[in-house]
Amino acid sequence: MTIRPIRQVGDPVLRTPAAAVTAFGDALTQLVEDMFETMYDAPGVGLAANQVGVDLRLFVYDCGPAEGSDGTPGDGPARKGVVCNPRITELGGRPPTEAGEPDWTDDDEGCLSVKGLQFETPRWSTATVVGVDEHGRPVTVSGSGLLARCLQHETDHLDGRIYLDRLVGEAKAAARRALSA
């Protein structure tokens, strides 16, 4: 496995929508292994392929074990995987096409491509992503809390967006100040 350099804000690859994964095999498996190794080394909970300079719609994630049914931290099933060609199908616990107020959460968020900075970022509190794994098998990943934030964050990367684009108000102003310093 190889730890790959993580591209930083300002690199045009982070603003370019990634191409669909169409070839599954040894090269993709190696990329996935390298991405997990890179993510753990950084350390982070998610990493999109374009963050390591690869123009493919693919991300890896490891948000640790979910809370148990009794709220015990780390007691639930593991939340780790790979999603190729992700598409968000639900946000906030209901399809995005339904009317109603969004179910937002405004936790701090950071990014391996924006080192050292974290800002309060509005995100939907639940999310579902569909795609395929590194072998081309269909996958659906649903989650709340950190996993929902990760699914939205990494899918944004593959669409050429970074979390700074989602900032509002004082968080947006603070980010501008920090990046111009």
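**A walk from a hairpin to a buried helix**

Start at glycine 110, whose bridge partner in strand 6 is glutamine 118. Strand 6 (residues 114–120) runs antiparallel to strand 5 (residues 108–111), and four bridges join them; two strands count as paired if DSSP finds at least two bridges between them. The link from strand 5 to strand 6 is a hairpin through two residues. Helices (H or I, at least four residues) and strands (E, at least two) are DSSP runs, numbered from the N terminus.

A quick word on what you're looking at: this is a predicted model, where local features need pLDDT of at least 70, side-chain atom pairs count only at pLDDT 80 or more, and totals for chains, interfaces and linings use all residues. Residues are numbered from 1 along each chain as its sequence is written, and side-chain values use heavy atoms, with hydrogens and water left out.

Now for the inside. The largest nonpolar core has 18 residues, and Val82 is among those with the most contacts inside it. Such a core is a set of buried Ala, Val, Leu, Ile, Met, Phe, Trp, Tyr and Cys residues joined through side-chain atoms within 4.5 Å. Helix 1 (26–41), strand 2 (58–65) and strand 3 (78–91) each give two or more residues to this core, with helix 1 supplying the largest share, six residues. Apart from it lies another core, of 17 residues, including Leu147 and Cys150.

Leu147 and Cys150 are also among the buried residues of helix 2. Twelve of this helix's 14 residues are buried, so it is largely enclosed by the rest of the structure; buried means under 20% relative accessible area, exposed over 50%, partly exposed in between (1.4 Å probe, protein chains only). After helix 2 comes glycine 160, with a positive phi near 85°.
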